[in-house]
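Open the model in your viewer and keep the selection tool at hand. The stops below say what to select next and what is there.

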Amino acid sequence: MNRINYLVLIALICILTVVMVPVATANPGSFSLFTPTSGATVDTNSPTFSWQSADNARNYLLQVRNSAGKVVAKKRYRPAKANCQGGGTCTVTSPKSLSNGTYTWRVIAKVKGGKTRTDWSNVTVQVATHTPSTAEEMLNLVNGRRCRAGLAPLVLNNSLTTAAQTHSDRMASLNFFAHDDPYNSSTFITRAQAAGYSGSYMGENIAAGQNSVDDAFRAWWQSSGHKANIMNPSYREMGLGYTYNVNSTYHHYWTQSFGSRSGAPAGTCP
């Protein structure tokens, strides 16, 4: 065999050797979600997500999809940032606030040799848009000003609260900010009447963007027209509506309804 043929043979052997060496395959294993459990309902806009820590995970990717299948929140975490306990659980707060609705979530772990992921799990976010304590807080702020000025304090009225809550809900979900609803032409008077309020003297304040009762009241108090409603001596009752929607322009929507009717109970000063 001459030298040239010998070199060609050696090259072919090397090529065949390279091709025949098996490629190592990784088996990253699997891990699972803990909470919220599939089908659970949470009462916060920023739920806490927990999952089983994966062996030798380098990082985790949390994904949250809305009911249309669009990813609306996601974030990558190193184990320490995900508060992972060795062989236990990892726990994080939603990287983005969620509005009321149904979502699915999962976690993808990057491990040595590849990635492993959990199945999608369902969770429903249902945050109370109106609570008695919120209305009471606003009422105390209003009556504090009225009582100092010698005006009769207001009382909460369920029908006015229903009308106010309806308007806040629609402003948040339909993404508008106005006293008159551009989609069904309702006004503060027709909304109160539809809720069963029988008063003949009514008014309304609205605000958007304020994330607390104090901030909403302050915005109204610093506006002459809204302040006039708060201090109107003819009013005897009040209702409050508040809605949060992360997908709307201002996120926070407030409605304050006022009214007077025959037989309205007397309020008390805070």
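## The largest nonpolar core

Begin by selecting Trp-51, Tyr-60, Leu-62, Val-64, Trp-105 and Val-107, which touch the most other members of the largest nonpolar core, a set of 23 residues. A nonpolar core here is a set of buried Ala, Val, Leu, Ile, Met, Phe, Trp, Tyr and Cys residues joined through side-chain atoms within 4.5 Å. Buried means under 20% relative accessible area, exposed over 50%, and partly exposed in between, with a 1.4 Å probe and protein chains only. Next, colour β3 (48-52), β4 (57-65), β5 (71-77), β6 (89-93), β7 (101-111) and β9 (121-125), the elements that give two or more residues to this core. The most comes from β7, with five residues. Helices (H or I, at least four residues) and strands (E, at least two) are DSSP runs, numbered from the N terminus.

In soluble globular proteins, nonpolar side chains tend to be buried together.

The model is predicted: local features need pLDDT of at least 70 and side-chain atom pairs count only at pLDDT 80 or more, while totals for chains, interfaces and linings use all residues. Residues are numbered from 1 along each chain as its sequence is written, and side-chain values use heavy atoms, with hydrogens and water left out.

## Val-107 and Phe-31

Stay with Val-107 and show its contacts (heavy atoms within 4.5 Å). Leaving aside neighbours within four places in sequence, Val-107 is in contact with Phe-31, Leu-33, Trp-51, Tyr-60, Leu-61, Leu-62, Thr-116, Arg-117 and Thr-118.

Now select Phe-31, in the loop between α1 (3-20) and β1 (33-35). Its relative accessible area is 7%, so Phe-31 counts as buried. With neighbours within four places again left aside, the contacts of Phe-31 include Gln-52, Ala-54, Ile-108 and Ala-109. Draw a distance from Phe-31 to Ala-109: the two are 78 residues apart along the chain, and their C-alpha atoms are separated by 8.7 Å.

## Strand β12

Select residues 237-244, strand β12. Eight of its eight residues are buried, so β12 is largely enclosed by the rest of the structure. One side carries Glu-237, Gly-239, Gly-241 and Thr-243, the other Met-238, Leu-240, Tyr-242 and Tyr-244, and all of them are buried.

Which strands pair with β12? Two strands pair if DSSP finds at least two bridges between them. Strand β10 (residues 155-156) pairs with β12 in the parallel sense over two bridges, and Leu-156 has Met-238 as its bridge partner. Strand β13 (residues 252-260) runs antiparallel to β12 and is joined to it by eight bridges. Within that pairing, Tyr-242 stands opposite Trp-254 of β13.

## Asp-181

Move to Asp-181, in the loop between α3 (158-174) and α4 (188-194). Is Asp-181 buried or exposed? Asp-181 counts as buried because its relative accessibility is 2%.

Its side chain makes a polar contact with the side chain of Arg-170 at 2.4 Å. A polar contact is a pair of N or O atoms within 3.5 Å; within protein, one must be able to donate a hydrogen and the other to accept it, and residues adjacent in sequence count only if both atoms are side-chain atoms. The Asp-181 side chain also reaches the backbone nitrogen of Tyr-183 at 2.8 Å.

## The whole chain

Finally, zoom out. The protein chain has six helices and 13 strands, and 40% of its 270 residues are buried.
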